[in-house]
Amino acid sequence: NAAASVIIASTIGGLVLTGGETALAVIRALGVNRVLVVRELAPGVPVLRLSSRSLDLPAVSKAGGFGDDDVLSRAFGCLREGTCLQ
């Protein structure tokens, strides 16, 4: 998967994954073998640590009707600031 190769080779600060099926597909494509739920950014919106042999990356997963109007903005903010996993 080309996108997975780019993500693994890059220095991105994390991922915002929307939609449960999409999040699962990305996690599988990246070869993630460990998903740790660190906390909730909002009810039903977990902050995750995705790990494999080639990456260790924070991610926020927002599926369905979870989260308020600004939850995606807060997700990008905590990833940009490096505070998601704290």
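1. Let me start with strand E3, which is mostly covered, with six of its seven residues buried. Buried here is under 20% relative accessible area, exposed is over 50%, and partly exposed lies in between (1.4 Å probe, protein chains only). Helices (H or I, at least four residues) and strands (E, at least two) are DSSP runs, numbered from the N terminus.

2. A word on what we are looking at: this is a predicted model, in which local features need pLDDT of at least 70 and side-chain atom pairs count only at pLDDT 80 or more, while totals for chains, interfaces and linings use all residues. Residues are numbered from 1 along each chain as its sequence is written, and side-chain values use heavy atoms, with hydrogens and water left out.

3. The protein chain has three helices and four strands, in the pattern α-β-α-β-β-β-α along the sequence. Its C-alpha trace spans about 30 × 25 × 20 Å along the principal axes. The radius of gyration is 12 Å, which agrees with the value near 12 Å for a compact globule of 86 residues; the radius is taken over C-alpha atoms, and the globule rule is 2.2 Å times the number of residues to the power 0.38. Of the 86 residues, 36% count as buried.

4. Now the pairings, where two strands pair if DSSP finds at least two bridges between them. E2 and E3 are antiparallel over seven bridges, and valine 35 stands opposite leucine 50 in E3. In the hairpin of E2 and E3, with two residues between the strands, glycine 44 takes a positive phi near 80°. A hairpin through four residues joins E3 to E4, and these two strands pair in the antiparallel sense over five bridges. Valine 47 stands opposite valine 60 in E4, and leucine 50 has leucine 57 as its bridge partner there.

5. The parallel pairing is that of E1 with E4 (residues 56-62), over four bridges. Threonine 18 has lysine 62 in E4 as its bridge partner. Strand E1 (residues 15-18) has Leu15 and Leu17 on a covered face, and Val16 and Thr18 on an uncovered one.

6. Which nonpolar residues gather inside? The largest nonpolar core has 13 residues, and those with the most contacts inside it include Leu15, Leu17, Leu50 and Ala59. A nonpolar core is a set of buried Ala, Val, Leu, Ile, Met, Phe, Trp, Tyr and Cys residues joined through side-chain atoms within 4.5 Å. Helix H1 (2-9), E1, H2, E3 and E4 each give two or more residues to this core. Apart from it lies another core, of 10 residues, among them Val47, Val60, Cys78 and Leu79.

7. Do look at helix H3. Its buried residues are Val71, Ala75, Gly77, Cys78 and Leu79, and they pack against E1, E2, E3 and E4. Just after H3, glycine 82 takes a positive phi of about 75°.

8. Serine 51 is worth a click. It lies in strand E3 (residues 45-51) and is buried, with a relative accessible area of 13%. A polar contact of 3.2 Å joins its side chain to that of aspartate 56; such a contact is a pair of N or O atoms within 3.5 Å, where within protein one must be able to donate a hydrogen and the other to accept it, and residues adjacent in sequence count only if both atoms are side-chain atoms.

9. Finally, valine 38 lies in strand E2 and is partly exposed, at 30% relative accessible area. Leaving aside neighbours within four places in sequence, valine 38 is in contact (heavy atoms within 4.5 Å) with Val47, Leu48, Arg49, Cys84 and Leu85. Valine 38 and glutamine 86 are 48 residues apart in sequence and 8.1 Å apart in space, C-alpha to C-alpha.
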